[in-house]
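Please open the structure in your viewer and keep the selection tool at hand.

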Amino acid sequence: MGRKYESIEELRRKKKLLQGEINDLENLLTFKNTKESLSAFTNGLTDQYLQEKVDEDGDEKVVLRKDVIARHLTSEVKDMFINKETAVGIASTALGGNITDSLIKLGITAVVGNYAKKNMKSPNWKKKLLGAAMIYLAPIALKYVRKKLEVYQKNKSVSSLEQLI
């Protein structure tokens, strides 16, 4: 069933090699070298974002490379704006506007979140109840309003197209 070996020494060498491989895998799984372990788990995806540094105590630490992350984000945002300037991008901006839509969503979320947070910290139980209700009911209400606005916008764009024809 198994391979026939010529001598016991060959078996011992094979055993030593296998034990070495097992030890390497254990080191990888126990995150003794964090950067190597993450690289193995993500198939090298995190390599460009991580850097090993030695601190004052002589310990090795893995830190994020903020410059690479910032460069990557700015290139993505730049590509998004460049794609917006195409004819399809201009038409979609006129009808919907993803950037404006996203900014409005973020603004509403910040306002509602801050108000709910303020109410949750209040000693008054009615305000706490209002804050909790806002946390749970505000997303539902905003989805309803958004759906109604989309229907209204769709009807308005269709009617304006009908007028043009």
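The stops below begin with the whole chain and then turn to salt bridges and surface patches.

**Before selecting.** This is a predicted model, in which local features need pLDDT of at least 70 and side-chain atom pairs count only at pLDDT 80 or more, whereas totals for chains, interfaces and linings use all residues. Residues are numbered from 1 along each chain as its sequence is written, and side-chain values use heavy atoms, with hydrogens and water left out.

**Stop 1: the whole chain.** Display the protein chain as a cartoon to see 6 helices and 2 strands. Helices (H or I, at least four residues) and strands (E, at least two) are DSSP runs, numbered from the N terminus. Followed from the N terminus, the elements run α-α-β-β-α-α-α-α. Now switch to a surface view: the chain exposes about 14300 Å², of which carbon and sulfur atoms supply 62%. Accessible areas come from the Shrake-Rupley method with a 1.4 Å probe, and for residues only the protein chains shown count as cover. Of the 165 residues, 10% are buried; buried means under 20% relative accessible area, exposed means over 50%, and partly exposed lies in between.

Stop 2: Select Glu9 and Arg12, which form a salt bridge with their closest N and O atoms 3.2 Å apart. The term denotes a side-chain nitrogen of Lys or Arg within 4 Å of a carboxyl oxygen of Asp or Glu. The two residues are separated by about one helical turn because they are 3 residues apart in helix α1 (residues 8–29). Glu9 counts as partly exposed because its relative accessibility is 44%.

Stop 3: Move to Arg146 and Glu150, whose closest N and O atoms are 3.4 Å apart in a salt bridge. Both lie in helix α6, 4 residues apart, about one turn of the helix. Glu150 is partly exposed at 41% relative accessibility, and Arg146 is partly exposed at 33%. A search of the whole structure finds 2 salt bridges.

**Stop 4: the nonpolar patch.** Which residues make the nonpolar surface patch of about 540 Å²? Select Met120, Ile135, Tyr136, Leu137 and Ile140. Patches are made of residues with over 30% relative accessible area and no salt bridge, nonpolar side chains (Val, Leu, Ile, Met, Phe, Trp, Tyr) being joined within 5 Å and like charges within 9 Å. Helix α6 (residues 125–164) gives the largest share, 4 residues. Met120 lies in helix α5 (residues 98–121) and is partly exposed, with a relative accessible area of 36%.

**Stop 5: the loop between the strands.** Finally, select Glu56, found in the loop between β1 (50–54) and β2 (60–64). Glu56 counts as exposed because its relative accessibility is 80%.

Note on methods: Buried < 20%, exposed > 50% of the residue type's maximum accessible area, 1.4 Å probe, protein only.
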